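The sequence and structure are shown below.

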Amino acid sequence: MGSNIYAFELPTTGSLSFSDHISNGLDIYTTQISGATQARANLRAVLKESRHTDGDKDYLRLVKTLEEYLPYLYAIVNCLESRDVMSTQEPVFSWRTTLSAQLFNNSPRLSLPSLSAELVFTLVTYGFALSNLARLNVAALGSYERERGISDVERKAKDEKLGFAVAQFCKASGIFEHVSTVALSDAEQTPSWKSIRVRPPELSKEVTSALSKLALAAAQALAIRKLLTKSSYDNTVASGPPFPASHPSPALLAKLHLEASALYASAESLLRIPASRKHDMEVTEPLLLFARDGAALHGALARKWLGADAGVHDALGVSVGFLAVAKRDLEALRDGNARPGGSGGTKEEMRDGRRERRERIAAEAEDAARLLRQFKQINDSVSFLPVPSPAELQAAVPAGRLAVAIKAFAAPLPAFGPGSVEYTRKHADTLDVEDRESSFTSDEQQSMRNPASKPTYAGAGSYF
């Protein structure tokens with residue numbers, strides 16, 4: 001069930017040799033700079049292969065390749081800043097933007113004369129790869145919580161895999177947030193950044209912040225699913241009105257869905273900002289629709305659970321009001337699913353995603369209708385409580401609640417140069433030698449530095 005997770009189209013990049021753009025001075029880092037070029041070439045090859053691969057892609061290999069390249073990239077950035085190496089000419093990096101709205105769905109290739117842009121695109125691609133890897137893992141699980149023959153051991157094992165996908169999305173969210181708040185802010189301080197005249201969405205603080213929220217919303221949605229797996233299985237085996245004993249609190253589920261809805265809504269607002277700027281590319285429509293539909297779906301599910309919670313606490317008028325709204329909104333989402341959008345990726349992924357999503361929404365709409373029938377019948381025959389107005393219902397909606405947290409991104413240790421393990425060790429050794437020398441008197445230090453002046457005969461330095 002990866003249908004409610006966006007499948008990001010991966011970018012590709014052109015070739016570049018760092019040694020063509022960097023003067024290594026005393027040739028201290030010749031081997032390491034060559035290694036950086038090789039690591040980038042490996043990344044280019046994996047991205048190119050992925051773009052031309054139909055069906056499931058090897059996202060795990062891409063993640064590992066990115067994790068091998070990033071330490072080299074940070075090393076070059078640090079060495080240039082510390083002047084351990086010098087730039088002979090500004091490198092121009094070629095990247096294909098996949099978040100921009102273009103005619104005929106043609107992702108344009110951009111020339112970016114900035115090492116900062118290279119770092120941003122690499123980190124954004126890292127976030128895409130983690131998100132797509134988590135999506136693929138979730139899809140492989142299927143609807144295991146509704147399988148009658150699954151054992152508790154098997155279900156718990158798949159729960160752990162679902163939890164791993166949650167962790168991957170939290171990690172991706174942290175990467176996108178780091179790009180938005182740190183990497184792009186640092187990039188804006190570099191002279192070469194100003195030469196980028198038309199900015200793709202990948203280089204927008206608002207868009208990368210939106211991507212962070214979308215990844216966190218995906219983690220939140222999967223956390224809700226994980227919370228419900230035991231009760232979903234129990235309900236499949238022996239359903240009972242209205243919920244099995246293992247069912248989590250409807251009030252808690254409502255708050256979790258409300259937070260997911262708020263994350264999607266905030267992401268959509270941020271994604272629409274580049275369209276208002278003269279020199280920024282607009283964001284692709286499928287991503288905008290996905291964010292909008294995510295907000296609507298989780299908003300409807302939140303009202304379903306608010307209605308269920310009110311029903312089990314005998315506030316039947318409120319229950320009927322919320323459930324009627326949820327049923328209406330879910331049916332509207334179900335019937336509006338024929339239009340394009342709703343998921344990124346290949347045409348096959350989009351088609352399969354729309355089908356799975358339609359099936360899920362249809363099931364949720366039927367569940368809301370079932371609960372509405374149950375509680376309305378009781379209210380109409382026993383309680384006779386008034387149904388609040390839409391404004392009164394809205395006033396009764398509580399604040400949302402997060403079940404997950406962003407995993408803050410920590411830049412990897414540079415592969416060489418300032419900040420690297422080897423550089424730090426050598427620096428520490430140098431300081432240690434200096435500390436030892438400082439413990440001697442000035443005459444002793446002079447003797448240590450100039451062994452030839454050290455007395456070597458008996459009575460040397462003694463005068464009679």
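F384 is placed in the loop between α9 (347-383) and α10 (390-395). In this predicted model, the residue has a phi near 55°, a positive value although F384 is not a glycine. F384 counts as exposed, because its relative accessibility is 58% and the cut-off for exposed is over 50%.

Most residues other than glycine have a negative phi. A positive value also occurs at D314, where phi is about 65° and the residue is again not a glycine. D314 belongs to the loop between α7 (285-312) and α8 (316-335). The relative accessible area of D314 is 58%, so D314 is exposed as well.

The two residues are set out in the table.

| Residue | Phi | Loop between | Relative accessible area |
|---|---|---|---|
| D314 | about 65° | α7 (285-312) and α8 (316-335) | 58% |

The protein contains 12 helices and four strands. Of its 464 residues, 48% are buried. The protein exposes about 22800 Å², and carbon and sulfur atoms supply 53% of that area. Among contacts with a separation of 6 or more, 80% are between residues 24 or more positions apart.

Key. Residues numbered from 1 in each chain as written. Predicted model: local features only at pLDDT ≥ 70, side-chain atom pairs only at ≥ 80, totals over all residues. Heavy atoms only, no water. Helix = DSSP H or I, 4+ residues; strand = E, 2+ residues; numbered from the N terminus. Buried < 20%, exposed > 50% of the residue type's maximum accessible area, 1.4 Å probe, protein only. Contact = heavy atoms within 4.5 Å. Areas by Shrake-Rupley, 256 points an atom, 1.4 Å probe, with all protein chains shown as cover.
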